[in-house]
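Subject: Structure for you to look through

Hello,

Here is the structure we talked about. Please open it, then read my notes below.

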Amino acid sequence: MVIGTRSLKAALLAAALGLAGTAVYVAATPSETVIKVVAKRFDYTPNVIKLKKGVPVVLELTTKDVTMGFSAPDFAARADIIPGQVARVRLVPDKTGTFTFVCDIFCGTGHEQMDGTIVVTD
Amino acid sequence: MKGPIDRRQFLQLAGMGGIVFASGLGSSARAAGKAGGSDDFHFVQLSDTHWGFEGPPNPDAKVTLRKAVAAVNALAEPPDFIMFTGDLTHITEDPRERRKRLAEFRDIVADLRVRNVHFMPGEHDASLDQGKAFQEFFGATHYTFDHKGVHFIVVDNVSDPRALIGDEQLQWLAADLAQLPKDASIVVFTHRPLFDLYPQWDWATRDGAKAIDLLLPHANVTVFYGHIHQENHHITGHIAHHSARSLIFPLPAPASQPKRDPLPWDATQPYKGLGFRSVEALIAKADYAITEFPVQKG
């Protein structure tokens, strides 16, 4: 079986066209909801974050032990979580559904199981 | 299948579940069954052996790597060289155990009859000590070599636990590429995908786009990588990216299930989804024909 690369290229280009919401690293305004998320090897608390579509939130991320990552690619939201510091990420949930967030800094034996979900409803 | 595997059997295997993949933008003379050029050669890619892993996803973990070594040794036409694209060993947080696993891996693959063998780390080997133990056994984590007119570049996107290539290595890559003509035949080996395959499962390199941008001005670039324990074929611009199967357990297709947990071992089809590949470099066409080989039960 020989796979042609031209049709593959077209299909892959089409699949790449979806874009997500945005996140920026700023402090919360007084009106914005702040959600504290605590990381430790190898989980997040909470590991399910429930949001409303179109309602921005600021995630305040801390770690109890080593440097961790927080990455929610569907919302282009990520941050390094450094011990002793608070990382803040503003997230605007622009679509409903269940989305994965993961640790994207290799942190040890349980790194590949360190994840959670963002649930966005209307 | 026992005994040597010749070129005709390569293609028979393709009909039995192996795949011959014509990489790049040209057509493949070899895949079409025509005679190749006299300068053509092939190499073997093995990936994600995870020596030291124990668990239900592979109850035969202690022998799988040895079976792969035997299968490579059984090829009728020995490859010109062999490339291991990372995760030679399974993660351990004990530095002594890490070195023990690296030593055991080294001793097992010493049985490969082809002596020209190249190694690079995966995050399981290198991310917890920035590649220190790996370098003690196998040397540099990023380097280049040339073979029969093809320039091979090994890019390390795992020694930094943030999945970064890093500015220093990117500068090294830029300097290396600057010495090459724009039509040079270039093959890049990495562990993680350079593009955002599925960052929801950490299947990406955070600054991989910078490496791709450096490579794009070159007309003939192909990337072979590991990490995701399955075949995946992707194009960025004119650059083809081909991931390899694992030799420990297969992982699910991107986004095919909620979590990236290993696919369960199937006792009725041991080693299903595991394997290695032969890559035939078709020099005149700057193209590559990929043949996937399973790990055999015997």
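B:Ala255 counts as exposed, because it has 11 C-beta neighbours inside 10 Å. The cut-offs are these: a residue is buried if 20 or more other C-beta atoms lie within 10 Å of its own, exposed if 12 or fewer, and partly exposed in between, with C-beta atoms placed from the backbone. B:Ala255 sits in the loop between β10 (239-243) and β11 of chain B. Its phi is positive, about 65 degrees, although B:Ala255 is not a glycine. Most residues other than glycine have a negative phi, and most peptide bonds are trans.

A note on what you are viewing. This is a predicted model: local features need pLDDT of at least 70, side-chain atom pairs count only at pLDDT 80 or more, and totals for chains, interfaces and linings use all residues. Residues are numbered from 1 along each chain as its sequence is written, while chains are lettered from A and ligands numbered from 1 in the order in which they are written.

Strands (E, at least two residues) are DSSP runs, numbered from the N terminus. Two strands pair if DSSP finds at least two bridges between them.

Now B:His229. Its phi is also positive, near 60 degrees. The residue is in the loop between β8 and β9 of chain B. Is B:His229 buried or exposed? B:His229 is buried, because 26 other C-beta atoms lie within 10 Å.

Next, the sheet in chain B. Six strands form an open sheet in the order β5-β6-β7-β8-β10-β9, with mixed pairing. Its edge strands are β5 (143-147) and β9 (232-236), and each pairs on one side only. Inside this sheet, β7 (residues 185-189) and β8 (residues 220-225) of chain B pair in the parallel sense over five bridges. There, B:Val187 stands opposite B:Thr222.

Chain B also has a hairpin. Strands β11 (residues 275-282) and β12(B) run antiparallel, joined by eight bridges. B:Val279 faces B:Ile290 across the pair, standing opposite it. Four residues lie between the strands, and B:Ala286 takes a positive phi near 50 degrees. Seven of the eight residues of β12 (residues 287-294) are buried.

Last, chain A. The peptide bond from A:Arg41 to A:Phe42 is cis, with omega near 5 degrees. The bond from A:Thr45 to A:Pro46 is cis too, with omega near -5 degrees. A:Lys36 lies in strand β2 (residues 33-40). A:Lys36 is exposed, because 12 other C-beta atoms lie within 10 Å.

Best wishes
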